[in-house]
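Let's take a friendly walk through some helix and strand packing. Please have the viewer open as you read.

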Amino acid sequence: MPKKTSTKRSSASSPQILPSNLKFLNFFLRYPKITAFICGGLSVLAFAPHYYFPILFITFSLLIILINNAKRPLQAFQIGYAFGFSLFSFGLAWIGNALLVDIAKFGWLYPLAFLACGAFFGLFVAFPAGLSYFFKNILSRYLAFASLWTIFEWLRSFFLTGFPWNLEGYTLAFSNRLIQFASVGGSFSLSLIVVLICALPSLLSVKRTKKMISTCLLIPLGTLFALYTYGSIRLYYQDTTPSETTIRLVQPSIPQSMKWQKETLEYNFNQYIRISQSRNLENIDFVIWGETASPYPLDYDYEHLQNIREAIPENGYLITGLVRYKFDLYQNYYPLNALFVINSNGDILASYDKSHLVPFGEYIPLRQYLPKQIRPITNAIGNFLAGKGPQKIQIPGQPSFGGLICYEVIFPHQILNQQERPQWIVNLTNDGWYGNSSGPYQHLDSTRMRAVEEGITIARAANTGISALISPYGVILGQINLNETGILDINLPQVSEFRTPYSILGNVPVLGICLLLLSLSAYLALYGKKKAKIIN
């Protein structure tokens with residue numbers, strides 16, 4: 001008798017076959033890495049300035065389905081890496097624009113910067129994907145992945161100095177109401193919520209009862225409604241009363257290609273002064289310039305220090321960014337990216353030195369191992385000294401404030417000294433490096449999230465970018481748009497003594513919740529097949 005041929009498919013040679021009305025997904029399962037790569041790139045559209053949030057329901061659900069259909073942990077890791085590589089390559093593509101400022105010298109590095117962002121940061125998605133595979137059914141993998149995604153976002157905020165850009169929770173920043181929960185759980189809690197609700201439809205790939213369909217529809221809608229309701233209540237009771245302190249944000253929009261040319265330094269400096277004087281200074285308490293607005297070290301350059309007095313109100317102050325220098329006993333000098341507070345007499349009353357430096361821009365990690373051709377493109381080449389960290393600056397008769405320079409504002413729970421909390425924050429930046437890209441808009445969203453988390457007003461002054469005054473609720477009270485030259489005169493809102501839960505507890509609660517979800521995932525993986533009746 002002829003041998004009976006088995007019609008059973010080997011799980012090692014083909015993906016899991018889906019129910020008949022979901023067979024269209026089999027096309028994506030045949031090419032899991034390509035599908036994951038496409039999903040990662042599409043997920044970028046959920047961030048500023050696009051905010052296509054609904055696309056995440058497709059991309060994250062497909063990602064979980066791909067992980068669940070992987071044949072082994074390594075394949076799940078590779079699927080996660082493809083998703084993360086695309087997410088960060090395209091999501092951080094604006095970084096490469098800095099290399100195009102001097103395209104003849106540094107333009108060749110653009111593809112390397114694009115690939116490097118994906119290659120490194122993609123690991124922060126690959127590990128959650130690979131580790132979640134060890135949980136033995138789709139429900140446990142879904143819960144484990146959401147928890148691990150959040151934990152690895154948190155790790156990304158400090159690993160190798162950290163770069164917590166485009167946390168998944170920022171995709172909710174299209175609505176002031178939806179981000180208010182960050183005051184309780186921080187941005188990482190919003191990331192956990194976003195991944196949980198957007199990946200939930202993946203469960204329909206294994207169980208499609210009316211109850212499951214209702215669950216996958218109602219839980220996301222109910223969660224978003226709860227966030228919206230909480231945010232509406234919180235914003236309803238916000239105190240919008242302006243204080244007596246008036247600030248003037250100055251944005252000259254000097255092209256980055258002109259900013260450090262020797263022949264334009266004097267013009268740029270005078271441009272700041274002219275714009276600051278373009279309206280009466282009489283009732284202004286603080287004139288605020290952007291990062292490295294002064295190209296001159298004002299603590300040594302007496303002539304320009306005197307010139308700058310023209311931009312300072314008689315009874316007010318100038319807050320400006322500049323590069324200052326520190327000398328050692330052998331007259332070697334080291335630059336610091338600094339903020340000065342100067343009065344109308346030309347006295348330097350206070351200063352702050354940037355403490356969280358930009359890798360490959362203000363210092364070079366593992367410098368001795370890098371090729372000589374790779375150099376930062378900032379004015380001082382990769383040898384900046386770091387300051388001592390967040391501090392409170394107190395000017396007599398004025399509310400105390402803290403200083404942040406450039407991307408220091410992107411680090412959750414690291415923007416101020418919790419023991420000596422200031423009453424507002426000045427963030428000096430320069431997004432001119434990145435041109436007409438998504439970078440300046442995403443940078444602004446990071447600033448809004450810090451304001452909500454800490455419950456503190458932030459005044460953001462950019463050479464160009466988006467200068468804005470942001471309330472303690474993340475609401476933009478006034479702004480100067482990208483590439484727009486001008487000033488913004490506006491009163492600080494009344495200082496609130498109320499501290500947000502997040503400012504007190506930090507990231508401990510959300511990390512605890514992630515660990516609890518991982519424990520639940522382990523339980524479901526071991527015993528949940530009968531309990532949850534999930535078809536694997």
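## A helix across a sheet

In this predicted model, helix H12 (residues 265-276) lies across strand S1 (242-251), strand S2 (286-288) and S12. The helix runs at about 140 degrees to S1.

Now for the strands themselves. An open sheet of six strands has the order S5-S4-S3-S2-S1-S12, and its pairing is mixed. Strand S5 (348-353) and strand S12 (486-493) are the edge strands, each pairing on one side only. On average, and with direction ignored, neighbouring strands of this sheet are turned by 35 degrees against each other.

Within this sheet, strand S3 (residues 317-327) and strand S4 (residues 333-343) run antiparallel and are joined by eleven bridges.

## Two helices side by side

Packed helix pairs are described by the angle and the distance between their axes. Helix H8 (residues 138-156) and helix H9 (residues 182-199) have axes that come within 9 Å and cross at roughly 150 degrees. Angles over 145 degrees count as roughly antiparallel, so H8 is roughly antiparallel to H9. The crossing in which H8 passes H9 is right-handed.

Here are the residues that make the contact:

| Helix | Contact residues |
|---|---|
| H8 | Tyr142, Leu143, Phe145, Ala146, Ser147, Trp149, Thr150, Glu153 and Trp154 |
| H9 | Phe188, Ser191, Leu192, Val195, Leu196 and Ala199 |

How do the residues of this contact divide into nonpolar, polar and charged? Eleven are nonpolar, three are polar and one is charged.

Key. Residues are numbered from 1 along each chain as its sequence is written. This is a predicted model: local features need pLDDT of at least 70, side-chain atom pairs count only at pLDDT 80 or more; totals for chains, interfaces and linings use all residues. Side-chain values use heavy atoms; hydrogens and water are left out. Axes are lines fitted to C-alpha atoms, for helices over the stretch in contact, and angles run from 0 to 180 degrees between N-to-C directions. Helices (H or I, at least four residues) and strands (E, at least two) are DSSP runs, numbered from the N terminus. Angles under 35 degrees count as roughly parallel, over 145 as roughly antiparallel, 65 to 115 as roughly perpendicular and the rest as oblique. A crossing is left-handed if the near helix is turned anticlockwise from the far one by less than a right angle, and right-handed if clockwise. Contact means heavy atoms within 4.5 Å. Ala, Val, Leu, Ile, Met, Phe, Trp, Tyr, Cys and Pro count as nonpolar, Asp, Glu, Lys and Arg as charged, and the others, Gly among them, as polar. Two strands pair if DSSP finds at least two bridges between them.
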